[in-house]
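Please look over the sequence and the model shown below. The paragraphs after it go through selected residues and their surroundings.

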Amino acid sequence: MITEPAVLRDAVRNNAAWCDTMCRAHGLPGAFGPRAWTSPRRTPLYYPDAVTLTGDAGTPDVLDGIDRAAPGASVKDSHARLDLAAEGFRLLFEAEWIHRPAGLAVPSAPGDWRPVRTPDALAAWALAWSGGDTEDAALFRPELLADPATTIAAGYDSEGRILGGAVLSDSGAVTGVSNLFAADGTDPADAWAGCLALVAPERHAVGYESGDDLPPALETGFTTVGGLRVWLDA
């Protein structure tokens, strides 16, 4: 059994790796330093420009490597220890890291849950994820399908309609679950269960959630293991 500090470390690193994967799909590779991941160019919508990797990361670790020429840069403070207000940032939101141990039985979920394999299927998944917003849906480029560590999970009803989905990011000991969504009429706990069925049973599942999105994850066996903050350069 992985101890909680190790789980938190792995969850943070896994999430930073997914941010880097998304940025690389957009032609924007980031850099991993000893205490933070940073992107020298502005990242895609909803993705941070810097992510702290360790609890002792300081302000220079995240701000020295990012583009602040215009407002809008963001920092994921993975251990909720930075105060970036003096640097002109405002607190955007707080969330909880979550962990589900390997080997737990996965609740059954209605529908057929499977990986997305083709660009057309990914485009349909992205539109469902975005609620029909084509600009947001454009985040998910076909390049992601070629990444061996990334699985786009989707659930379908008997008529082929998308019930929900998530991104699964494998990094060895853990699989990160992010961008989870449930379509209208789908119980979010069912979406969690359907996506978790695609996680290898020997992998710990990790991620982060906040507000009303947290309880459905807890219903499916996750527990909270630490807090995080996201700061936005105003």
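**Around a buried tryptophan**

Trp 125 is buried, with a relative accessible area of 0%; buried means under 20% relative accessible area, exposed over 50% and partly exposed in between, with a 1.4 Å probe and protein chains only. The model is predicted, so local features need pLDDT of at least 70 and side-chain atom pairs count only at pLDDT 80 or more, while totals for chains, interfaces and linings use all residues. Residues are numbered from 1 along each chain as its sequence is written, and side-chain values use heavy atoms, with hydrogens and water left out.

A pair of aromatic rings is described by the distance of the centres and the angle of the planes. Here rings of Phe, Tyr and Trp (its six-membered ring) pair if their centres lie within 6.5 Å; planes under 30 degrees apart count as stacked, over 60 as edge-to-face and the rest as tilted. The structure holds six aromatic pairs. One of them joins Trp 125 and Phe 140, edge-to-face, at 4.9 Å centre to centre and 75° between the planes. This pair links distant parts of the chain, 15 residues apart: Trp 125 is in helix H3 (residues 119–130), and Phe 140 is in the loop between helix H4 (134–137) and strand E7 (150–156). Helices (H or I, at least four residues) and strands (E, at least two) are DSSP runs, numbered from the N terminus. Both Trp 125 and Phe 140 are buried.

Trp 125 also forms an edge-to-face pair with Phe 181, with 5.4 Å centre to centre and 75° between the planes. Because Trp 125 lies in helix H3 and Phe 181 in strand E9 (residues 174–182), this pair ties together parts that are 56 residues apart in sequence. Phe 181 is buried, with a relative accessible area of 8%. Ring pairs link Trp 125, Trp 129, Phe 140 and Phe 181 into a cluster.

**The largest pocket**

Trp 129 leads on to the largest pocket: with Tyr 46, Phe 93, Asn 179 and Tyr 208, it lies nearest the centre, out of 40 lining residues. Rolling a probe the size of a water molecule over the atoms shows where empty space is left. On a 1 Å grid over the protein atoms alone, a pocket is an open set of points where a 1.4 Å probe fits, with protein on both sides within 12 Å along at least five of seven lines; lining residues have an atom within 4 Å of a point. The volume is about 990 Å³, taken as the space filled by probe spheres set on the points, which are joined across faces, edges and corners.

E9 gives the most to this lining, with seven residues. The lining divides into 23 nonpolar, eleven polar and six charged residues. Ala, Val, Leu, Ile, Met, Phe, Trp, Tyr, Cys and Pro count as nonpolar, Asp, Glu, Lys and Arg as charged, and the others, Gly among them, as polar.

Most residues other than glycine have a negative phi. Tyr 46 has a positive phi of about 80°, sits in the loop between strand E2 (36–38) and strand E3 (50–52) and is exposed at 57% relative accessibility. Asn 179 has a positive phi near 55°, is found in strand E9 and is buried at 18% relative accessibility.

Helix H5 (188–196) is among the elements that give two or more residues to the lining. Seven of the nine residues of H5 are buried, so H5 is largely enclosed by the rest of the structure. At the start of H5, a side-chain oxygen of Asp 187 reaches to within 2.9 Å of the backbone nitrogen of Ala 189.

**Two further buried sites**

Asp 20 lies in helix H1 (residues 4–25) and is buried, with a relative accessible area of 7%. The Asp 20 side chain makes a polar contact with that of Trp 37 at 2.9 Å. A polar contact is a pair of N or O atoms within 3.5 Å; within protein, one must be able to donate a hydrogen and the other to accept it, and residues adjacent in sequence count only if both atoms are side-chain atoms.

Trp 97, in strand E5, is buried at 0% relative accessibility. The Trp 97 side chain reaches the backbone oxygen of Ser 78 at 2.8 Å.
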